[in-house]
Amino acid sequence: MSEVPDPVEMRGDPSDSELGSIPAHVGDSISIEEFHRKMAVELFNAVFGLLENENRNCAETDRMIHAAHASRFHWEIAGQPVNWAIGEWQVSRVHAVVRQPDSALYHARRYLELAEDYNLGAFHVAYAHEAIARAFSINDPVKMAVHLAKAQQYGEQIPDEDERALLSKDLATITAG
């Protein structure tokens, strides 16, 4: 049986910044847009903590999936196309990590669509292909290789050296199987 977290235990100390805690700003008077922005950022950052935990239990994996989707939802209200696109990338990454290729591919393709529709530039198009390659790495190494090559091709067009290095580092983590 999977571990089901107690919602009361998940809240923790209000000063905590972990997923499930009560954000310190909840009692503040803020606009609805600012609320959505704060939640999007908080959830987005919390997902990375869960992604880095290689020993996640089922409840933590569920929390990671839900938090990624929730962050993307909040960005839809308070963000711009670049935020929506990055949110799709994170949702795709989460689904790829938990080996759900259909969901990973769906969100990776949404990222590519947003990157192209809003002319977000080579960095985002390259990362969209990184996400597609990662989704295909689960069960289609041929398509994975095609999108790795596309990510590298777009990566060469990224003007910022640090961004190119980040992409290169992430591409190196994609392997078939």
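Biologist: At roughly what angle do the axes of α2 and α4 cross?

Modeller: This is a predicted model, in which local features need pLDDT of at least 70, side-chain atom pairs count only at pLDDT 80 or more, and totals for chains, interfaces and linings use all residues. Residues are numbered from 1 along each chain as its sequence is written, and side-chain values use heavy atoms, with hydrogens and water left out. Axes are lines fitted to C-alpha atoms, for helices over the stretch in contact, with angles from 0 to 180 degrees between N-to-C directions. The axes of α2 and α4 come within 11 Å, and they cross at roughly 25 degrees.

Biologist: How are α2 and α4 therefore oriented to each other, roughly parallel or roughly antiparallel?

Modeller: Angles under 35 degrees count as roughly parallel, over 145 as roughly antiparallel, 65 to 115 as roughly perpendicular and the rest as oblique. α2 and α4 are therefore roughly parallel.

Biologist: Which residues of α4 does α2 meet?

Modeller: Contact means heavy atoms within 4.5 Å. From α2, Phe44, Val47, Phe48 and Leu51 take part, and they meet, in α4, Ile86, Trp89, Gln90, Arg93, Val94 and Val97.

Biologist: At about what angle do α5 and α6 pack?

Modeller: Helix α5 covers residues 101-117 and helix α6 covers residues 122-136. The two are roughly antiparallel to each other, their axes lying 8 Å apart at an angle of about 165 degrees.

Terms used. Helix = DSSP H or I, 4+ residues; strand = E, 2+ residues; numbered from the N terminus.
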